[in-house]
Amino acid sequence: MKFLLLFITLLTALMALEVDVLNWKIPNGQTTLLEFKEIKGFEYKSVEVGKKSFSIFTKPNDSTKKYVLIPFSYYEKAENKTLKIHYKQDDKELVENLLLKVITGKYAKEEIHVSSTKVNPRSKELKKRISKEYNEAMRIYSTVTPRSYISKPFIQPLNSKITSSFGKARVYNGSHKGYHSGTDYRAAMGTPIIAANDARVALVKKRFYSGGTVLLDHGEGIYTCYFHMSTFEVKEGQMVRQGDVLGLSGKSGRVTGPHLHFSARINAVQVDPLQLISLLNKNLLTGN
Ligand SMILES: [Zn+2]
């Protein structure tokens with residue numbers, strides 16, 4: 001009996017956690033996925049990357065597995081990243097390190113000419129408004145709703161030509177001002193913009209840069225954003241279904257003409273929305 005107990009204890013100690021990594025090399029601005037197999041006595045907690053911590057959730061299409069999305073910002077350096085996996089094994093808190101490599105994404109450059117008052121907002125009041133809007137949005141994006149609202153694959157917010165993709169380096173009136181943080185779709189004034197998936201409406205607001213803005217919370221830290229709209233058809237706090245009209249397209253905010261700017265965030269990190277949707281559709285939202 002003593003012998004058998006010792007043997008079992010040894011086996012448990014040798015059992016390592018089982019994790020599948022979607023890609024070991026990941027371009028800046030993109031998201032990767034880790035999957036964990038449910039093992040008796042194991043409790044997966046979170047994954048820490050630098051100062052950020054990402055919660056581990058149950059896969060929507062397979063309750064025998066857990067998942068975590070790891071987003072890498074556009075500004076992330078091309079280098080090795082240590083992922084600290086926090087888990088519990090038979091009530092013992094453990095950490096295992098995993099090494100991923102961030103590589104430089106292939107992003108183009110584009111020149112944009114807009115009215116100079118929109119490039120360098122001078123007035124104190126305007127600066128105050130912009131920082132208030134930024135802080136409000138970051139508070140929303142940092143809120144991880146501990147449940148998922150989605151069960152089926154994402155759809156496009158609009159069926160039209162993509163006029164500018166995520167990640168393009170942007171040069172406003174000759175000076176570098178960052179990068180294109182979303183995907184632009186061609187949209188004549190007044191085109192219906194639809195929800196890419198089921199969600200809770202987290203924000204409906206006219207903002208300085210993004211104009212008529214709707215933010216959708218899909219749960220578990222996943223957000224999609226719809227900018228430059230002319231009118232709204234939804235209210236904050238309301239639940240929407242995939243395909244519901246959020247409002248009509250427009251040219252509000254810092255734009256040169258009417259279009260839809262569509263973007264996405266994972267735990268507040270801005271990522272390529274189409275790469276994220278493709279990743280979620282292939283790995284989390286099929287097979288139901
Ligand atoms: Zn855009």
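## Thr64 in strand 7

Thr64 sits in strand 7, which covers residues 62-71. Strands here are DSSP runs of E with at least two residues, helices are runs of H or I with at least four, and both are numbered from the N terminus. Thr64 counts as exposed, because it has 8 C-beta neighbours inside 10 Å. The scale behind that word runs as follows: buried is 20 or more other C-beta atoms within 10 Å of a residue's own, exposed is 12 or fewer, and partly exposed lies in between, with C-beta atoms placed from the backbone. Thr64 and Ile39 are 25 residues apart in sequence, yet 8.8 Å apart in space, C-alpha to C-alpha.

This is a predicted model, in which local features need pLDDT of at least 70 and side-chain atom pairs count only at pLDDT 80 or more, while totals for chains, interfaces and linings use all residues. Residues are numbered from 1 along each chain as its sequence is written.

## Two positive phi angles

Asp91 lies in the loop between strand 8 (80-89) and strand 9 (92-103). Its phi is near 70°, a positive value in a residue other than glycine. Asp91 is exposed, with 7 other C-beta atoms within 10 Å.

His228 also has phi near 70°, and is likewise not glycine. His228 belongs to strand 18 (residues 222-232), and is buried, with 25 other C-beta atoms within 10 Å.

## The buried side of helix 4

Helix 4 spans residues 273-283, and its buried residues are Pro273, Gln275, Leu276, Ile277, Leu279 and Leu280. They pack against strand 3 (31-37), strand 14 (183-186), strand 18, strand 21 (259-266) and strand 22 (269-271); contact means C-beta atoms, placed from the backbone, within 7 Å.

Definitions and conventions: Contact = placed C-beta atoms within 7 Å.
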